[in-house]
Amino acid sequence: MAYDVTEDLDAFRVETRDWLEANCPPSMRTPMTDDEIVWGGKRGTFVNPESETWLDRMGEKGWTAPEWPAAYGGGGLTKDENRVLQEELRRIKARPALFSFGLWMFGPALLEFGNEEQKKRFLPDIVKGKTRWCQGYSEPGAGSDLAGLQTRCEDKGDHYLINGQKVWTSYADQADWIFCLVRTDTSSKHEGISFILFDMESPGVEARPILLISGSSPFCETFFTDVKVPKDQLVGRVNGGWEIAKRLLQFERSSISAGGFGGTGGSGILGPEEYAKMHVGTDSEGRIADGDLRGRIADHKMYAKAFSLTVQRQTEQAKAGQQVGHTASILKYGAAKMNQDRHELLIEALGSEALGWEGEGFDENAMKATRGWLRSKGNSIEGGTSEINLNVVAKRVLGLKDHQ
Amino acid sequence: MTFVLTEDQEMLRDTALAFVRDELPVTHLRALRDKGANGHDAGTRKKLAELGFFGVIIPDEPGGEHFGLVGLGQILEAQGRTLAATPLLQTALIAASAIQLGGSKAMQAEWLPRIAAGETTFALALDETAHFSPLNVATEAESNGQGYTLNGMKRFVPGGHDAEMFIVVARTFGEAGDRHGITLFLVPAKAKGVTVQELRTVDAHGAAHVTLDDVMVGPGAVLGPVDEGADVLEPVLDRAAIGMAAEMLGSSVAAFEMTLEYLQSRKQFGQLIGSFQSMQHRAAKMFTEIEMTRSCVAAALAAVDSGKGDVAELASLAKAKAGELVHLVSNECVQMHGGIGMTDVADPGLYMKRARVQEALYGGASWHRDRYARLQGF
């Protein structure tokens, strides 16, 4: 039996390799610049036309969501087949065809909690990159205390009526649809929340981008004024949204950890040790001349290695069916620290080269690092602050109790 | 797989955990200390031999199967949990590795079966100063026609007070600091000219200064190549660092569990002290560090067995991370226990004392950070 499985996998590998060879356009096998990232959606643009071809082909196969059932547009692959697919994609250095909150967060939650009709209606367009989703979670008065949210959702008989405000809604100005937490009962905090979906073009929806310290505007303030939502767009049961919300946060934290925040990763920026050698100089043995900086860079690199080994260990243990526990919070906390330390070291090593904002006279990659450093400050805030993640570890993993 | 134990290794781990829990709890070390045993513990050595723990990385026949360093790592982690003083690191890991990596066929045939059976104990006599600096060797080995004459002084030799054999790192050429010119020798503790000065150490495990005064050994005592002993010494020290990191992980986990229990039982202001957020966050950070260190230790152990991956880099990673971890956790263990943590009757102090010895042996965190940076080319 085991022999047959291996044989099938080998055949799948050959098939996959041939298909990728024939279908992955040449420029999709090169490192990607930030402006070539494909987020899909109605308003999505393709800086490189081959990105569109690549997305169409992968979406058609369902391989943007390899393990989702084929009935919902997914690839219908087993875990092992998906592993082979990922290995083959890495082998040719293929770019991800699609970046998507729908793929990483909303889709997995809908697979668990949505009804058949909702899954059939929403998942295929996520797979193909036709619909871009945003996340309506935080509010001005509900950040770390997310369950304190107050956006009201009233039952008007044949529809719901939504009034309120969200904030830190990633790319709300570019999204087609929103998955949103709303209050359907004011008499209970956690038990009065529902999980609802609606079109961002509905009358009464307005998204205003927020300018960040890094100069970019990835987040919005989002306002809802008498927004009418059909009743079949509420997921799960009325007042049962908190459970879905928490599960989705786990998907969010896992996707953040797996990527280690990416950000200014592959786009031409060197490691802090390289910039330190360049701008601080080296001693006769080739070591960074500033011993204190060198030690801190080494410390960071060891932390980064320990982090990636931990991600690898948890993947292997999960595959072997071993209990891995509430690790998403540990990794989210660690990923934030790692990415922030890296950026602090990058700008320290770059020295005055890192103090440019725009225009001539500064290296383009150095300015990217500077913007990335400012952006990285959000890593310990977004997707659950580091403090909230430490609370989760203390309470759910270590079993420490609240004040009585 | 790198991070998943085989069934045999899991059984070995469970056996080791049960053994230290039942036979070598912290009270055992405390009792040894109080009667002045200074780490000498023939009874435990006999039990370890019966369990086969000395032969975990030694195959029954050359090239045969064994549990690997991953297996031995499980035992060392277990003994770290209760601070047990055993000859396993020195004998079952260091001596067994050195003789397998560098020993002649005759030397292997003579010593490996005796090590595996727990019939003898070894100690690595390396340091000559107060800091780990493996090439900083001045102890002289002069060729005398029939063999070598050794002269020098080895300081703070772990297990040196309890060893029947020493692996002496000596210099046959060049000056202290040179890589070329180092040669390893097997020297019986009872050889003429060897003086062992027993040291009473802060962790109650004991150690020794070893003086070599015109000690004569035959040519068969040379372990590995003459002048190029560093080729054997360095991989042995990597394994020693990895084994010690496994022990430190065990100590850290036990000290952390003890602290967690205290946080969940001690009350102040009418509240469990573990319900205060300042305590919860520090506990959560320690737990995160434990998980990260466990990954490093497991990867390093597995890399030695598989021959894949960079053992030197992973050894430095594991030893540095484990050193930082045990330092943090042992300090927090004392602090979070408050006044009771300062008393001799409570265990936190024992963990902190042992931690500082563990941190120093085979290179502290800063030594390994420096080496990691060198290996990475900066």
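This is a predicted model: local features need pLDDT of at least 70, side-chain atom pairs count only at pLDDT 80 or more; totals for chains, interfaces and linings use all residues.

Student: Which residues of helix 1 of chain B are buried?
Tutor: They are B:L12, B:A16, B:F19 and B:V20. Buried means 20 or more other C-beta atoms within 10 Å of the residue's own; exposed means 12 or fewer, partly exposed is in between, and C-beta atoms are placed from the backbone. Helices (H or I, at least four residues) and strands (E, at least two) are DSSP runs, numbered from the N terminus.

Student: How do those buried residues fall when seen down the axis of helix 1 of chain B?
Tutor: They fall within an arc of 90 degrees, so they line one face of the helix. The arc is that of the directions from the helix axis to the C-beta atoms.

Student: What does the face turned away from the buried side carry?
Tutor: On helix 1 of chain B, that face has the exposed residues B:E7, B:D14, B:A18, B:R21 and B:D22.

Student: And what do the buried residues of helix 1 of chain B pack against?
Tutor: Helix 3 (42-51) and helix 4 (68-81) of chain B. Contact here means C-beta atoms, placed from the backbone, within 7 Å.

Student: What span should helix 1 of chain B have?
Tutor: Its 17 residues (7-23) should span 24 Å, and the end C-alpha atoms are 24 Å apart, which agrees. The expected span is 1.5 Å times one less than the number of residues.

Student: Back to helix 4 of chain B. Is B:G80 buried or exposed?
Tutor: B:G80, which lies in helix 4 of chain B, is buried, with 28 other C-beta atoms within 10 Å.

Student: Which residues is B:G80 in contact with, leaving aside neighbours within four places in sequence?
Tutor: B:E247, B:M248, B:L249, B:G250 and B:S251. B:A246 is 166 residues from B:G80 along the chain, and their C-alpha atoms are separated by 7.7 Å.

Student: Where are the domains of chain B?
Tutor: Domain 1 is 7-120, domain 2 is 123-228 and domain 3 is 231-375. The bounds come from an automatic or database domain assignment.

Student: How many residues of domain 2 of chain B are in contact with domain 3 of chain B?
Tutor: 14 residues of domain 2 are in contact with 13 residues of domain 3. The C-alpha centres of these two domains of chain B lie 30 Å apart.

Student: Now the contact between the chains. How many residues does it take?
Tutor: 32 from chain B and 34 from chain A. Helix 8 of chain B gives the largest share of chain B's side, 13 residues.

Student: What about that side by class?
Tutor: The side of chain B that touches chain A has 18 nonpolar, ten polar and four charged residues. Ala, Val, Leu, Ile, Met, Phe, Trp, Tyr, Cys and Pro count as nonpolar, Asp, Glu, Lys and Arg as charged, and the others, Gly among them, as polar.

Student: How many helices and strands are in chain A?
Tutor: Eleven helices and eight strands. Of the 404 residues of chain A, 41% count as buried.

Conventions
Residues are numbered from 1 along each chain as its sequence is written. Chains are lettered from A and ligands numbered from 1 in the order in which they are written. Two residues are in contact if their C-beta atoms, placed from the backbone, lie within 7 Å.
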